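Dear colleague,

I am passing on the structure we spoke of, and would be glad if you could look it over alongside the notes below.

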Amino acid sequence: MAIVVPKVTLNNCDDDLSIPIVGMGTSSSPPVDPETIIEAIKVGYRHFDTASLYMTEQPLGEAIAEALRLGLIKSRDELYITSKLWCTSADKDLVMPAIKKSLRNLQLEYLDMYLIHWPIKLSEEAQFPAQKEHIFPLDIKSVWEAMEECKNLGLTKGIGVSNFTCKNLEELLSIARIPPAVNQVELNPLWRQKKLREFCKEKGIHVTAYSPLGSFKTSWGDNRILECDVLQEIAKAKGKTAAQISLRWLYEQGVSMVAKSFNKERMKQNLEIFDWSLTQEESNKISQLPQRKGLKVASAFGPHDWLLDLDAEN
Ligand SMILES: NC(=O)C1=CN([C@@H]2O[C@H](COP(=O)(O)OP(=O)(O)OC[C@H]3O[C@@H](n4cnc5c(N)ncnc54)[C@H](OP(=O)(O)O)[C@@H]3O)[C@@H](O)[C@H]2O)C=CC1
Ligand SMILES: O=C[C@H](O)[C@@H](O)[C@@H](O)[C@H](O)C(=O)O
């Protein structure tokens with residue numbers, strides 16, 4: 001039996017769109033294969049997170065088509081699919097072609113959520129880390145107008161952002177006709193983002209946590225969450241795993257999350273967080289863990305002054 005994942009209704013989206021609290025991340029190298037996504041659908045995942053950067057739109061699209069053929073889902077509407085505008089397309093004239101390409105890759109008529117991946121524009125030639133002359137602040141007004149156009153045309157039910165700071169959001173809110181529904185950011189017990197979460201709550205922007213397990217085994221992630229003494233102690237006392245403690249803590253903070261596991265048991269485990277809770281004391285212990293940012297903008301994109309400032313704003 002597939003696990004039923006609770007949902008939260010989002011603001012400023014079409015059709016009372018609601019987001020399943022736990023989604024499956026698809027950022028991986030090599031890209032995820034369609035069979036793994038099918039397994040995830042069987043387990044109960046209905047929310048999938050992709051991006052044009054990840055090269056996983058295509059396998060995700062194949063898996064969705066196959067899941068419909070197999071009858072694992074009756075209609076595409078049962079799924080919540082997010083994709084993201086990559087920084088090389090963060091230009092008013094490139095947004096529409098970019099979402100159309102994502103939709104073609106996914107074999108879909110519409111996305112549930114389209115996010116600006118970073119508050120950064122890159123030139124076509126940019127390599128990683130990028131040279132100073134290939135990296136620019138986003139022209140948020142014109143890019144957001146193009147995002148609004150995508151929603152108005154029905155290409156996506158909602159629009160939002162990712163990796164935006166409070167300052168980025170303030171600027172966006174001052175010009176938006178359609179306010180962003182979601183801000184997807186790094187968030188976990190070791191990077192709690194209290195200020196940003198409070199700001200988003202006040203403005204009605206839903207927060208989705210990425211790398212909720214510390215992004216173990218990626219180029220920048222580590223095992224500091226999965227091996228954290230405090231999380232392991234709590235896990236042992238409750239007969240759970242440190243991963244589940246991290247995800248449950250996030251759920252109790254009122255956010256949704258996208259966790260990546262391509263292992264069937266761990267996929268299932270990551271959805272089994274809804275029928276138990278943390279005590280106040282356990283929650284307090286987690287809220288005192290030392291903080292560390294995993295994905296630093298300046299390390300990923302280049303050590304330029306304004307990117308260092310973006311890192312410092314959190
Ligand atoms: N907007 C953005 O800029 C970003 C968005 N993201 C999104 O967030 C998603 C998730 O973040 P990601 O950085 O991948 O990392 P996660 O924090 O989800 O960690 C993934 C790692 O944890 C392991 N894992 C998963 N579940 C368990 C478990 N129950 N017990 C032990 N180990 C476990 C996985 O291994 P295994 O597969 O073997 O289980 C994998 O190595 C991405 O896939 C992407 O969709 C990520 C980074 C940036
Ligand atoms: O160039 C930088 C990195 O690739 C970074 O952009 C990614 O980690 C990305 O945010 C993601 O969503 O996985």
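Predicted model: local features only at pLDDT ≥ 70, side-chain atom pairs only at ≥ 80, totals over all residues.

Residues are numbered from 1 along each chain as its sequence is written, and chains are lettered from A and ligands numbered from 1 in the order in which they are written.

The chain has twelve helices and twelve strands (DSSP runs numbered from the N terminus, helices being H or I of at least four residues and strands E of at least two). Along its principal axes the C-alpha trace spans about 55 × 50 × 35 Å.

Eight of the strands form a closed barrel with parallel pairing, in the order β3-β4-β5-β6-β9-β10-β11-β12, where two strands pair if DSSP finds at least two bridges between them. Strand β3 (residues 22–25) runs parallel to β12 (residues 256–259) and is joined to it by three bridges, with Gly23 opposite Val258 of β12.

Helices α7 (residues 229–238) and α8 (residues 242–252) pack at about 100°, their axes 8 Å apart (axes are lines fitted to C-alpha atoms, for helices over the stretch in contact, and angles run from 0 to 180 degrees between N-to-C directions). The two helices, α7 and α8, are therefore roughly perpendicular to each other, a term for angles of 65 to 115 degrees.

Technical notes
Parallel < 35°, antiparallel > 145°, perpendicular 65-115°, else oblique.
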